[in-house]
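Colleague: I would like to learn how to read a model like this one. Could you walk me through a few features, one at a time?

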Amino acid sequence: MSLCTVSFKARRGRTLSAGLIAGCLLGPLAAAAAPPEIPRGQHGEATAEYQLEELQKLMPQVDLAESPAGFDPVVWAAFIPEDNPLTPERVELGRKLFFDARLSDDGSVSCATCHDATRGFTDQIPVSEGIGGQFGKRNAPTVLNTALLQTLFWDGRSPTLDHQARLPILNPIEMGMPNEEAAIKAIRGIPEYEEGFKKAFGREMNYEDLGKAIGAFERTLVFVDSPFRRFLGGDPGAISPEAQAGWELFNGKARCMTCHPMNPSNPLGTDNRFHNVGVSARHQDFEGLAQQALKAIQEDASEQKLDELAIGTDMSELGRFMVTGNRADIGSFRTPLILNIGITGPYMHDGSLATLWDVIDHYNKGGEDNPFLDGGIEPLALSEEEIDQLVAFLFTLTDVRFADQNQRLFEAQRAAANEQRLFRDDAAAQRRTLPFEQRVMGAQGKPE
Amino acid sequence: MATYKSVETRYLEDRRAFFRGLRNLDRRSFLKVSAAAMGAAAGLAAPHSFTPVSVARGAESPPGAAPQPAFRFAYISDSHLYERDVNDRFVRGLLRAVDDVNNLDPQPDFVFYGGDLAQLGQAKELELGAQILKNLKAPLRIMVGEHDWYLDMGQKWRELFGPPTYSFDHKGVHFVVLNSVVERDFWTARGMSPMERMRTVAGLDNGLQSPFTVGAAQRKWLQDDLARLPDDARIIVFSHSPLYKLYKPWNFWTDDADEVQAILKRFQRVVVIHGHTHQLLTNRIGNIHFHGVLSTAWPWPYAPEGMPEITIQMSRPDPFNPHDGCGDGEIHVHPDGLVDKVYSLWNRNPVTVSRAYMLSAGKESVPPLPNRPSY
Amino acid sequence: MRNAPLRCPASAAAGTICVLLGALAGCAQNAAPPGATGPNASERPPAITPVAATAEPSAAAPAAAGGETVAIGACDGGAAVEVPSSLTGQPLADSLMDQWQRDHPEANWVAEQQERHALIPPADNSDLLKGDQGKDHAYGNYTERDILTWARETEKFVAEGSRIFHSADELGSTVAVSCDMCHPHAANTHPETYPKYQTQLGRVALLRDMIDWCIENPVRGEHLDPNGAKMRALEAYIQSQRKGVALNYGKH
């Protein structure tokens, strides 16, 4: 299995090695913790056959007639696109396509490579590996429960799952198909696809329908049956007292709920908005990058160019700014959903935070100062115990069908966190030093 | 028989006249919301081609249409500092503003501080503010606010920053700095201690205090200071209170505004930059253009009445983000002395209230409208 | 400046009663102070501690020596007051009252809140006095004094809310922030829009939920009991400032 060879350009040397270490720490730990008998493909993912078997066990049947349990029916219906109703034929076609590596230029990468059914429908490494062993700049988000997201990708450049599915196939670092026609050519003539498209769409196979089919399949990946949900449903013993204390903190002192709301109409734990929480500030100089981005986009404003730039170059650290050009969006990334967060590490858009303890440490100290930092991120002064409680709570958000993996990863993360806490800064968390203080007053000066 | 009209009446008539004009406004001439903002807001539109936006500044006047600015200065205001052990949040706000201004490239000619550096006028608060402001790369000019003054009636302020009333010239523009928060003595009769007096003044809605004034002595000083200037001189007045009458219950008000405006009346155009109001605020009364500035500490709501019609409000801030509705800014001074006022709002796009907007009575270069207005 | 809220019903009149009770008790030669003991002790409001319970009864008795003073503890826990020991009865009570009022210029705190913060008076109920059915109605037979009493109680409740609203200490703020710093005259609170989905809370909230959120976040204080006196008073003040504005639940 390939280890992570990520390329960070850090502003501060300390965090360069932190990123490497953090990124590399969990991969082998997770791999070591996982049952050893999973057959694996070229890029570390479980093979398609194995994944499909696992999926069958996890989701023996999908009833498309109504909204899934746990989703408000009115809201669910609003998120099904009008031009892509959820039919069994489309879902079946999408399932085939999702696991099909023929859609990549060298035949080694499918959607399921980076969105592995045995790894939380992500790949559990900091940034994903595509064809030719190339690594991009972004962490693969999970596909679980994405039906209710308002935009896709960390910078929200895709409005629907149907649209999103079409882009990685054409990205030279991910699946590397030169154009849409090549992608269709790769599956043309295959009987199950010819029939599948006819049944699902009633017309010649085309690239847009390919995206729709994959989108339809992805919408069925609903996994919200977590211990936390059962606790909310009225079972007080479903989560530990520690996790319950964490839930109180989530709503209160830790200030999580505002950007990660969870309610019956939106159970995902994301506000679908974009915030600069300072993760990108560990990498690059923003103002300089923003100027560069302006020039590059003026030359070629196509969607594909945007996709390439987002994944391939340093400009990806500008996040949402690459899509909107708004100063308010520099370094902003979409709030990720937090369901199943225990099994979808490492965390943040660049996968730089290996454990949930790192995540809480990052927020506890007030993120990372930069001129575009979201003012809602402020030092939290959480105690050690409170951090443990929050992490305990977050691990209860995983669907019970993944309970074994969740437990293994909890232990792996805890072991890693006990070894080192790279993002911890007690002085900042307790407000003994203040955000922006070092930048303004210098290393010596501290406003008395 | 000559009918005397007060400045107040005259300006109300002025307002009525030019807003009658606004009603005949061609709606299409309002600036369209940028494609980028639309896409970002809807989230469902396919990604558009990118609309280039200047990174550090807001909308500029259309190229070739207006003269280029002659120089610019930056603005930080209303930090309301407590000692850091008492409240770290306001200190963080001022530090962020200083960081913003230090990151401007090129650097502004100078930085102006708009008053209310301290929250309760205490020596430690003022010293803390002075210490932080020392880290500004550009030269600092400073003005007093009521929160700085009413604990010791300006004693510590003078020690740290010199006289509260003064003028200076810069690149042909005459700058006047007033102490426009002079209050009639309300404290002696009540036997208030200095801290009680300060706390009374510190409460925006505390009706025990008196309205702000410039006062006869300063008006005389102003008259004399401006006496030598020709009618087409370029003048910028810095004042903490707005120098007009917006909303008395919150002391968004200068009681002798008429008299002050009368002194300024003879000039072709005058710009007043004021603090105190912690929001996007714009007004025009005859020849005088009024621009409020942002606070680094917290935003005020808009007054329920008396709002100048030419003001385009900032969208209601979100209390989750203590920096929302706050920030710092820049003022771009044009060769004729009029200004583009840039509001550099934190976590929002900058908003520019330009010279063109003011001169066209709100028809050109209109800033984007708020989606969450005050109510 | 007062450090602690008064324990006694905080009006000048009640202050007088409080002191007077104590003074009279002191004069009544070792008679048991009202409320301290006796069959009715349990029915007395526990807040009022008669003066005589703290002062020596003999010290308040008529004494022959001129120039001697006696210290009398005030029932609101404030500093003891010195009076000539020759004073008894009404002159003693007057002297105590004078001194108490000098030490407590904010005794008429309701009027003071009104003066500082332009409180909006409650609805005018004088219409209740019209209509002939009132005279024959056991429960509807209202008088002007009834209306005055209700208005007075309502005003005081709202004034208490205003007092807390404008005080960082009362709110329990650890950063010296009070509500009026962002909400002068309770502007921008929009009580008429509740219940609504409150984005900061991630769920549907009532006014008091948002008050509590503001206290925990911008004010950085301790969570308030939703049914406690402080929360109810704050809610009352905020709502009073929006008198006349139509209800519009769900509006953002």
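Modeller: Gladly; we will take the sheet, then the backbone, then the packing.

Modeller: Please keep in mind that this is a predicted model.

Colleague: Let us begin with chain B. How many helices and strands does chain B have?

Modeller: Chain B has 10 helices and 14 strands. Of its 375 residues, 51% are buried. Looking at contacts in chain B between residues at least 6 apart in sequence, 71% join residues at least 24 apart.

Colleague: Now the sheet. What holds the strands of a sheet together?

Modeller: Strands of a sheet pair through backbone hydrogen bonds, and the pairing can be parallel or antiparallel. In chain B, six strands make an open sheet with mixed pairing, in the order β4-β5-β6-β9-β11-β10. At the edges are β4 (166-170) and β10 (282-285) of chain B, each of which pairs on one side only. From one strand to the next, the twist averages 20 degrees.

Colleague: Which strands does β6(B) run parallel to, and how many bridges join them?

Modeller: Strand β5 (residues 173-177) of chain B is joined to β6 (residues 235-239) of chain B by four bridges, and these two run parallel. Strand β9 (residues 270-274) of chain B also runs parallel to β6(B), with five bridges between them. You can follow this through one residue: B:Phe238 in β6(B) stands opposite B:Val177, and B:Phe238 also stands opposite B:Ile273 in β9(B).

Colleague: How do I read which way the side chains point?

Modeller: In a regular strand, side chains alternate between the two faces of the sheet. In β6(B), B:Ile235, B:Val237 and B:Ser239 point one way, while B:Ile236 and B:Phe238 point the other way.

Colleague: Is β6(B) largely enclosed or open, and why?

Modeller: Five of the five residues of β6(B) are buried, so this strand is largely enclosed by the rest of the structure.

Colleague: Can we look at a residue elsewhere in the sheet? Where is B:Phe290, and is B:Phe290 buried or exposed?

Modeller: B:Phe290 is in strand β11 (residues 288-292) of chain B. B:Phe290 counts as buried because 25 C-beta neighbours lie inside 10 Å, and the cut-off for buried is 20 or more. Leaving aside residues up to four places away in sequence, B:Phe290 touches several residues, including B:Pro242, B:Tyr244, B:Val272, B:His274 and B:Thr282.

Colleague: Next, the backbone. What should I expect of phi and of peptide bonds?

Modeller: Most residues other than glycine have a negative phi, and most peptide bonds are trans. Here are two cases with positive phi. A:Phe153 has phi near 75 degrees and lies in the loop between α5 (111-114) and α6 (161-164) of chain A. With 24 C-beta neighbours inside 10 Å, A:Phe153 counts as buried. B:Asp116 has phi of about 60 degrees, and its loop runs between β2 (111-113) and α4 (123-133) of chain B. B:Asp116 counts as buried as well, with 29 C-beta neighbours inside 10 Å.

Colleague: And where do I find cis peptide bonds?

Modeller: One joins A:Gly345 and A:Pro346, with omega about -10 degrees. A:Pro346 sits in the loop between β2 (333-334) and α16 (356-364) of chain A. Another joins C:Tyr194 and C:Pro195, with omega about 0 degrees; C:Pro195 is in the loop between α6 (168-171) and β3 (196-198) of chain C.

Colleague: On to packing. How are two packed helices described?

Modeller: By the angle between their axes and the distance between the axes. In chain A, the axes of helix α4 (residues 88-98) and helix α10 (residues 207-219) come within 7 Å and cross at roughly 100 degrees.

Colleague: Lastly, how many residues does the contact take from chain C and from chain B?

Modeller: This contact takes 20 residues from chain C and 20 residues from chain B. On the side of chain C, the largest share, three residues, comes from helix α4 (residues 109-117) of chain C. The residues on that side divide into 11 nonpolar, six polar and three charged.

Conventions
Residues are numbered from 1 along each chain as its sequence is written. Chains are lettered from A and ligands numbered from 1 in the order in which they are written. This is a predicted model: local features need pLDDT of at least 70, side-chain atom pairs count only at pLDDT 80 or more; totals for chains, interfaces and linings use all residues. A residue is buried if 20 or more other C-beta atoms lie within 10 Å of its own, exposed if 12 or fewer, and partly exposed in between; C-beta atoms are placed from the backbone. Two residues are in contact if their C-beta atoms, placed from the backbone, lie within 7 Å. Two strands pair if DSSP finds at least two bridges between them. Axes are lines fitted to C-alpha atoms, for helices over the stretch in contact, and angles run from 0 to 180 degrees between N-to-C directions. Ala, Val, Leu, Ile, Met, Phe, Trp, Tyr, Cys and Pro count as nonpolar, Asp, Glu, Lys and Arg as charged, and the others, Gly among them, as polar.
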